[in-house]
Amino acid sequence: MSLLITAVCPPAEAQKKKTAPVEATPPPVREEFKFGDVDLEILEQSDLLDRKLERDGLVLHDDAANAYVRRIGQSLVPKGLELERVNWNFRVLRDPQPNAFALPNGSVYMTTGLIVLVDNESQLAAIIAHELTHVMRRHTYVQNRSNRKKFLTMNIMAAVGAYAPGGIVGAVIIVVTTVAPFILMATVYGYSQDLEREADLKGVDMMISAEYSPEEMVNVMKLLDRDIEGENIRLFYNDHPSLDERIKYLSSYLGTRADRVTHQMELNRERAAYFKIMEPVMRHDIQLSISAGRFRSAVFHAQRLVDFHPDSENLFWLAEAYRTLGPRLPQLTDKELTNSAKKDAAKKRVKRTLEEEEQELLATPAGKENWQKHQQKAEELYSRALNSENPVPVVHRGLGMLYEKLGRPSDAASEYEKYLELAPTAIDRERIKKRIETLRRT
Amino acid sequence: MKLTSAVLVFRLRALIFVIASLLLIGFTSHSINAQFLHPKITSKETAIRTVVVFPAKVNVVRDSMKGPEGMAAESDELSVRVEKVITEVLSKQKQVATLSPPTQGTGQGDAQPNYNVADFQTKFDDLLPKIMKKRSDVKKGRFTMGDEVLNLNLEKTTDAIVFIRGEGKKLTGGKTAFTLLVGGAPAYLKLRIGIVDARNGDVLLYTDPVLAGDPTTAVDRLRKALEKGFKKLPAAQAKP
């Protein structure tokens, strides 16, 4: 019924919020799935991966954040659904790169980089719903079986090629494996276009069933399309549908399923609640971003956090982001966002260290100007953080580092001393003590 | 003497075989002996007496006719074994003592020490491709992980931290036969080991020993490869 109404409604009509409860769609489960030895192996490896992620310190131990994502996840899982060999687990990973994935055993992971990127709970629910579909529809097993067949074919082709040197099969295989190994990689890792599309569309259905705003699925895709660090390189071959394509087919699907379009005010309220809960995770991610040399992301996310809540700690993180951004531009230019420029940048990232990149930029007038501007901005922000209510001691450490870089050793040493006085048990006390010693000697 | 085309083809094939063999030998021996020391070590300005070995990350895949499959459990076991053998080699050959790394594992309680170790492992993973791109620059003292290394709060006596990475391939019976007939990479284990100054983060040594054969069973060959891998590292002497 709802399908028919929205199909004949003009767009303006579709914007009206529907108050009646949404009819739940049947759970998208691959019921007929029979486990084979190959699937059980994958399952065992998933359990091992869970343990490895935990053991390697990659799982975030923030009770509030984990409880929050668990609640969202459980609200999306159709009521009464029991799946063989699936035990739902929702966790946050400490990684500044926006990403989410689900293991076939029911473990759903999302990175801090994703949490800091999304605007509200519905957007996070969109990602989780997409990942839940992969598990419910047993996509990992399906893809694994398909890859195994492909590999067998590749091996046979390699044999044929080897016995017919110079022949077309051999040449193709050689080109594929030596010149463009990513073709193989793209086929092996990740799901096929069909499976990704299914996860997107079933995800929308699940969001509607759980009363989340389904249009946020499209909005989150748009957010993911934002390439702050210039990392999204389009390859010659990619098995995943492009984000543009996903936005198109999701918008079209929502046109036929737009039985709940949320008012902006409601979304704003949701955004405020989301930021309030996720604030510590977002700060943690900014720290990880700085450590990983993702300075532009750090500035972008810290600015959002300051816009939401300009307290001392958030101002400190924005100042840190600007200080470490140094001579780089806060946003990549259009030229830097072209595919060829991104490829060049990726090659340079493997060759140069961050310090070398900074030195190269500082040798240019534009780099020098950026550096001065960002150090000034950082100093202003540090001082705002110090003048805020309940200033955090780390601000003094940040100022110390700034002054050290600006060639003011005495000021730097006294800021470091203030920091240690206010935070005598800080984890980095040894590092700071050593810096003070060096500065006092010079 | 007039050369027939068959003789020419034979000679050409023989030449290609010799060149390929020389290249293979050259490559293998280079990999085994590739050790790069920071000038502070070669000039004996810094000595490595005590180290902390961070958990090794060694991944092995089983390559069968149906493609490569992960060997998560075996990789974990191998990681532990590699770590243990490195500790033994450093201790017996170089008189380097090993201390326990900061708390890691349970993830319960205060997560910060666990995070610190994880973050340093990630930092090394980030630096590793740059080192591999120009390994000889270790000799120029180009690579550093920065003084953040002090945030690990290791024992005062710790001179360096050992980071271990590795990748290997084990072949199934079918794939071995296939490789013999058609060609392809044999079973191997390639390690990438970095030793980092615990006081300022400088990369003091980089070595990448390789061993041929099944990585999950070759214990003696692993030890020998590692002994060769640390050959250039000066043995520790007691503090004066």
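Let's start with one pair: Ala102(A) has Val108(A) in β3(A) as its bridge partner. Strands here are DSSP runs of E, at least two residues, and helices are runs of H or I, at least four, numbered from the N terminus. Before going on: this is a predicted model, where local features need pLDDT of at least 70 and side-chain atom pairs count only at pLDDT 80 or more, while totals for chains, interfaces and linings use all residues. Residues are numbered from 1 along each chain as its sequence is written, with chains lettered from A and ligands numbered from 1 in the order in which they are written.

Back to the strands. β2(A) and β3 (residues 107-111) of chain A run antiparallel, joined by three bridges; two strands pair if DSSP finds at least two bridges between them. The open sheet has three strands, ordered β1-β3-β2 in chain A, with mixed pairing. β1 (89-93) and β2 (100-102) of chain A are at the edges with a single partner strand each, so one side of each has no neighbour in the sheet.

Now, the domains. Chain A splits into domain 1 (2-143 + 190-226 + 242-257) and domain 2 (264-392), with bounds from an automatic or database domain assignment. Their C-alpha centres are 29 Å apart. Each of the two domains of chain A puts 17 residues into the contact, where contact is C-beta atoms, placed from the backbone, within 7 Å. On the domain 1 side, α4, α5 (112-117) and α6 (121-136) of chain A each supply at least two residues, and α5(A) has the largest share, four residues.

So what about the core? The largest nonpolar core has 138 residues, and among those with the most contacts inside it are Ile115(A), Leu132(A) and Val162(B). Core here means buried Ala, Val, Leu, Ile, Met, Phe, Trp, Tyr and Cys joined through C-beta atoms within 7 Å; buried means 20 or more other C-beta atoms within 10 Å of a residue's own, C-beta atoms being placed from the backbone. α6(A) gives the most to this core, nine residues. Leaving aside neighbours within four places in sequence, Ile115(A) touches residues including Val92(A), Met110(A) and Met278(A).

Last, the chains. Chain B brings 28 residues to the contact and chain A 29. On the chain B side, β4 (67-70), α3 (72-94), α4 (112-133) and α5 (173-182) of chain B give two or more residues, with α4(B) giving the most, 10 residues.

Notes
A residue is buried if 20 or more other C-beta atoms lie within 10 Å of its own, exposed if 12 or fewer, and partly exposed in between; C-beta atoms are placed from the backbone.
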